[in-house]
Amino acid sequence: MSDNKNNDLIEQSNQDTLPNEERRKFFGKTAAIGLGAAVAPMSAAMFASMAQAKAAEAANSPFVHPGDLDEYYGFWSGGHSGEVRIMGLPSMRELMRIPVFNIDSATGWGLTNESKRVKGDSADVLAGDSHHPHMSMTDGRYNGKYVFINDKANSRVARIRCNVMKTDKMLTVPNVQAIHGLRVQKAPETKYVICNGEFEIPMDNNGKSTLEDVSTYRSLFNIIDAEKMEVAFQVMVDGNLDNTDADYDGKYFASTCYNSEMGMTLGEMITAERDHVVVFNLARCEAALKAGEFKTYNGNDVPVLDGRKGSELTRYIPVPKSPHGLNTSSDGKYFVANGKLSPTVSVIAINKLDDLFSDKIKPRDTIVAEPELGLGPLHTAFDNRGNAYTTLFLDSQIAKWNVEDAIKAYNGEKVNYIRQKLDVHYQPGHNHTSQGETRDADGKWLVSLCKFSKDRFLPVGPLRPENDQLIDISGDEMKLVHDGPTFAEPHDCIIVHRSKVKPQKLWTRDDPIFAETLAMAKKDGVDVMTQNKVIRDGNKVRVYMTSVAPNFGLTEFKVKLGDEVTMVVTNLDMVEDVTHGFCMTNHGVQMEIGPQATASITFIANKPGVQWYYCNWFCHALHMEMRGRMLVEA
Ligand code: RUQ
Ligand code: CUA
């Protein structure tokens, strides 16, 4: 991006007063969007970030010209909004929202029959707390297939299928409470999703335990089959599991544990000087599973292995108390446990774990560095040049440090491992580098997910946005180049090169998301691609209807008061981006029907008289006219 172009932009953002014709000339191909006004504020925002970047002489520019595409997809957790968001990087434009644990009135997620089937046994749970989105991998590299995300609030794990960017599986994990840290097996491929049950609960949590006797309280590590989305097995541990990550060889998983005291109150939880990182030996766990060395609890058949201290399945590495983030370095050499209450991080050499498991060395011998970084280290990200970037929650900084130098310092050499500390705004939790949790770490961008924005944006009432800051890490110095306000609460994110992700532009008719709906149509003898039909089955009515902009296949139908009505709408349009909606007025019924998709929604016709239904996704110049009547006969 040349300075000239940048100046053009300043001019552009001042062109609001120009007649449309003139403005179109300015915007060139972006005029196709048709609404210059929608573009102007964006270019103003971009200009602001560009100016900052220029001031900082950034090597990378976060500026992406209107109409140009970003280089990376970002997958952002939506925190306690329960969703996942797709961002474009480096522009930091929000591209899409994927409803997961929340309900969404635009797409009908949580309302449609298809989404309820995906949600399964938690179809009636309408809230969630998503933390950690992570993509499936092959040989330590993103493979673009799935993004997995946890729901801490309701102990669930969901999977987003990246060819359509929709949630396609969801599972409530039994025997645990509060699924927190979540990552994937990196190699040879993501056979397993790994996640931590954080809160300790009685192993048989059936109401027969007491609040006083906590001897049966445990926290479990969960290994989930990524394809089937079923729990393969669980491992019982000592302490509360917090965050987790995997190695690049498919051998070990590691989790931070706080509260090794098994305290029930804050005071009790932080008495011990040390907690631990627990390392899981996958081969030994699978062998124990095969040998039947497990128990079951709570009347379900999920196998629970015993990985408590002394077990051959695990090793416990003492680290300063209450560690939080656990991150594998992108060169595959180290697990880094972040101190939180301690100003240090603990660097564990993965190539020493074989010796640890064969008892040739002691747990603390695996620690090869414990650099002191600052106050409140929470999470660490990596570039491809041997540097690590750790968020300091209390100091509101990112500490950039060199891993090999930290190891030298630990061995007594006089080296300064800290490369730079950069102020961020404010109180960062997670951070993430471009492709930094994979072998393809490229050391270009770092995002700092700041929990507070304080004075960085216009005031919007007592509840303020958080601040996702984009930092250029391509040079020797970290440079802040963009402030991105976000709504509650992107805990964590990943940054994936766009070459890894290949979403479809239309639905394919054999997509499993609506397979069951099509099976129902088949039973009713209806070809949803060609027929519009009302089928009565007792007091259940199924209305099959096509949609082609700007028409629904039926402009009217009749039902009786109290009928249970299922609308099955098929979008016959083959045109990219022509999504229709279906909304039945006054019934809380609305949904998206993407091009070539079938979607269905069920409601009780409990209001006599005429009800209009209409298309609520703008699809055509005659979109307003795309409607019809339902008569509810009393
Ligand atoms: S945790 S702020 Cu839910 Cu990822 Cu660390
Ligand atoms: Cu179809 Cu709007």
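1. Two residues are in contact when heavy atoms of theirs lie within 4.5 Å. The contact lists below rest on that cut-off. The model is predicted.

2. Start with Asp275. Asp275 sits in strand β15, residues 274-281.

3. Is Asp275 buried or exposed? Its relative accessible area is 2%. Buried means under 20%, so Asp275 counts as buried.

4. Asp275 also carries an annotation. UniProt, in an unreviewed entry, places the feature "binding site" at Tyr258, Glu261, Met269, Asp275 and Ser322. These positions span 65 residues in sequence, yet no two of their C-alpha atoms are more than 10.8 Å apart, so they gather at one spot.

5. Glu261 is another of the annotated positions. Glu261 lies in the loop between β14 (252-258) and α5 (266-269). With residues up to four places away in sequence set aside, Glu261 touches Glu268, Met269, Ile270, Thr271, Ala272 and Asp275. Met269 and Asp275 are themselves on the UniProt list. The relative accessibility of Glu261 is 25%, so Glu261 counts as partly exposed.

6. Now ligand 1. Which residues surround ligand 1? The shell holds His131, His132, His180, Asn243, His324, His379, Gly429, His430 and His491. By class, the shell has 9 polar residues, no nonpolar ones and no charged ones.

7. Next, strand β5, residues 141-151. Strand β5 is mostly covered, with 8 of its 11 residues buried. β5 has a strand partner in β4 (residues 134-138): the two run antiparallel and are joined by 4 bridges. Thr138 stands opposite Arg141 of β5. The hairpin of β4 and β5 has 2 residues between the strands, and Asp139 takes a positive phi near 50 degrees there.

8. β5 also pairs with β6 (residues 156-161). This pairing is antiparallel too, over 6 bridges. Val147 has Ile160 in β6 as its bridge partner. How many residues lie between β5 and β6 in their hairpin? There are 4, and Ser155 in that turn has a positive phi of about 55 degrees.

Conventions: Residues numbered from 1 in each chain as written. Chains lettered and ligands numbered in written order. Predicted model: local features only at pLDDT ≥ 70, side-chain atom pairs only at ≥ 80, totals over all residues. Heavy atoms only, no water. UniProt positions renumbered as here; feature names shortened; annotations may be inferred. Buried < 20%, exposed > 50% of the residue type's maximum accessible area, 1.4 Å probe, protein only. Near = heavy atom within 4 Å. Nonpolar A, V, L, I, M, F, W, Y, C, P; charged D, E, K, R; others polar. Pairing = 2+ DSSP bridges.
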